[in-house]
Amino acid sequence: MLRQYIFKRTVMLLPVLLGVTFLVFTIISLTPGDVATMILGQGATAESVAKLRHQLGLDEPLLIQYGRYLAHLFQGDMGISYATQKPVVDEIVGRFPNTLTLAFYSILVSLILSIPIGVISAVKQYSLFDNLGMVFALVGISMPSFWLGLILIILFALNLGWFPSGGADQWQSIVLPAITLGVASTASIARTTRSSMLEVIRQDYIRTAKAKGVGNLQVILKHALKNALIPTLTVIGLEFGELLGGAILTETVFSWPGIGRLMVESIQRKDTPMVLGCIIVFSVAFSVVNLIVDILYALIDPRIKANYQRKGKAA
Amino acid sequence: MKRGSLLLVLVPLLWALAVAGPVFAGSDPTTITVALPADITSLDPMGHNDIYSEKVSFLLFNRLFKFDTNFKPVPDVAKSWKQPSPKEWLITIQSGVKFHDGSEMTSADVKYSLERSKESPKVKHVLAEVESVSVVDKYTVKITTKTPFAPFLFTLAHAGASIVPQKYASSSDNWKNPIGSGPYTFVQWASGDKVVLKRNPNYFDKTNLGQAQTIVFKVIPEATSRTIALETGEVDVVFNLNATDVDKVQANKNLKVYQKPSTDIQYLGMNGDKAPFDNLKVRQAFNYAIDKDAVLTVALNGYGEVASSIIPSTIFGHKDGPYTYDPKKAKALLKEANFNFNQTLKLWASGDTRKKIAEVVQANLQDLGIKADIEMFEWGAYLQATNSGNQQFFLLGWSSNPDPDSMLTPLFSKGSIGAQNRTRYVNEKVEKLLADGRVEMDQAKRQKIYNDLSDIVMADATWVPLYTGNNIVGANAKLQGVELSPQGLWNIEKLHY
């Protein structure tokens, strides 16, 4: 049943993680530049570079390095960051909640904007609102986030002084980065909501509901939207999953200490254990979000729930 | 009706926000917030070699010596010192220097720290000249160097030579809650976000007590965001203010810009092992061919000084070099060298600023009929590639401590070929002068040695020295105690409102 399904999906995560870590490990190893030279800087002697390479095990074949990494990983040890000498787990545990918070509020902003835009645009198809809504969505997705971020900072932090320009010290800090990211994901969610709503409101049962004398608002919210939400939920899940990987530009502009910035800084420093740590967290988070979305389908749509149950019985 | 209730909610909300105004601006005068372009990498003073971690280390820890405003070594915890022989230093520390856990600093901590520094991969080069350290009495250590070593006191002022408490450093805390003896104690490091320090009221040096109650180092990676944070008052000081933002900050009456030439030098290096730079006349021609003023303008908006020789003007031993921008002379020298104008040279560079400089160099060479392609590298790959010896000519920089030996030996000695001597420069006279400079204790004689060395390297023209950039610090105009040395803002403990 549902529990079995969750178990199956979790087991399937293992090969995904193996593939992802191997790929990233290989790619980082293949990129030019020597880790030891980067750690020690320009002033280091050739001797100390060679010694550090040996200490880090970088003078061994790639597969052995990877094997050792996996052996530690299965014991819950993600390694020590080359750059900071701190355990990767500590660093990620410190940063991931920030990314999660930002992702949550961004998607909230996005939902507040996109669902009404999508629904009203569908109900009032080709109206002025529909056109304006779709233009807004298009502009939202086309605007580079660092540009929108800077504009919001100049307007609301510098000129009006309503919000801080960056950091993560106070609750107000989340507002501008969440709007910046939320506006960007509004487009795809609004467009999906609109098209699936358009499909649903032409169905017979909607006409039947209206004929029965059910109020317009009730028809839209209770009968149409609930059914139209399935594809929208997929898009929301994808957007949220992506946000969990960190929004590098937005995090940089707003000095938000999230996982995206950590990953980019680590890539620049060739800090392999840290990059792998971030990738693993990202992959797991993305998969978990998708799993939750799949479970939500069942909650929203009884037909899907019945499908899970049938499969469970057959098994 | 519904629209009315929405307005009822929205209007007071917007009004409250508007009236609240810039609540984020400079709200707490007892806290000084300093913007850092990048996060620190370690709280262990021997676990990093970057300038931002150094700023934090200098507040948490003491060294035997420290630098003053003129970048000269002066005693920190050292009370007295003497040299019984050219290779031996007897250094006595002050009594009553307390670590943040209340324990007293003794010579055993000094010995432990210097030996620990020699073992640390990141800073072992700092005390490479130290042969041994021994405890003489509770407050005195004897340090023996491998050879007589003139710049020794400079090396003791490096963050990597900080004195750490032996008991804490050998504990299992792994530098999560560092304990030092400095004017500030550790409160918090939120990775990627901020480092918070609190004033140490028990600091041993009452004349240099921390002024502000709290110092916050806030990581703001984006240059524009740093300037905006200064303008909104969220931060009080910004290191490395963007050169393009200087005019804007200067025009703001609430803010102030401080500038001083740094000890950095940016250069165009020419590999003497590779044609056409194996020809002295070609190297000299290139020294006449580059418009350094234009380079400085594109790189830093002109905030710095044009470099005339290998040693920056802020470093002991500086002497002006013989070249000025003179394309005609460059052309004549190229003719004498029978330069092949059909070849296309490869100019290597890394990073946005050096890309801009490379374009100026390319244009200057184009004016003389020389074709040069620019090849850009990612930083890690660049360091490795320029070590390999395959480079023809390239752009790089060096940030030095104030003693010339610390830059000249790595950059121009044959022992550093394959590492920092990326022009693969060899001159036996220079080798001898480098060796003489390291052991000569008489400052006037040392000055002459480095002047002569500078003349020789400039005549050999292995570099085109380009410029020394300014340290540019932006600060709140009301902030007191801002003072720049060639190291930049060096006395953060003195900052206050």
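In chain B, strand S4 and strand S5 (residues 88-93) run antiparallel and are joined by 5 bridges. Here strands are DSSP runs of E with at least two residues, helices are runs of H or I with at least four, both numbered from the N terminus, and two strands pair if DSSP finds at least two bridges between them. This is a predicted model, in which local features need pLDDT of at least 70, side-chain atom pairs count only at pLDDT 80 or more, and totals for chains, interfaces and linings use all residues. Residues are numbered from 1 along each chain as its sequence is written, chains are lettered from A in the order in which they are written, and side-chain values use heavy atoms, without hydrogens and water.

Across that pairing, B:Trp81 stands opposite B:Ile91 in S5(B). Both strands belong to an open sheet of 4 strands in chain B, ordered S4-S5-S7-S6 with antiparallel pairing. Its edges are strand S4 (78-85) and strand S6 (130-137) of chain B, each pairing on one side only.

Now let us turn to the salt bridges, each a side-chain nitrogen of Lys or Arg within 4 Å of a carboxyl oxygen of Asp or Glu. A:Asp294 counts as buried because its relative accessibility is 16%, while A:Arg9 is partly exposed at 22% (buried means under 20% relative accessible area, exposed over 50%, partly exposed in between, with a 1.4 Å probe and protein chains only). Finally, a network of salt bridges links A:Asp169, B:Lys194 and B:Lys218.
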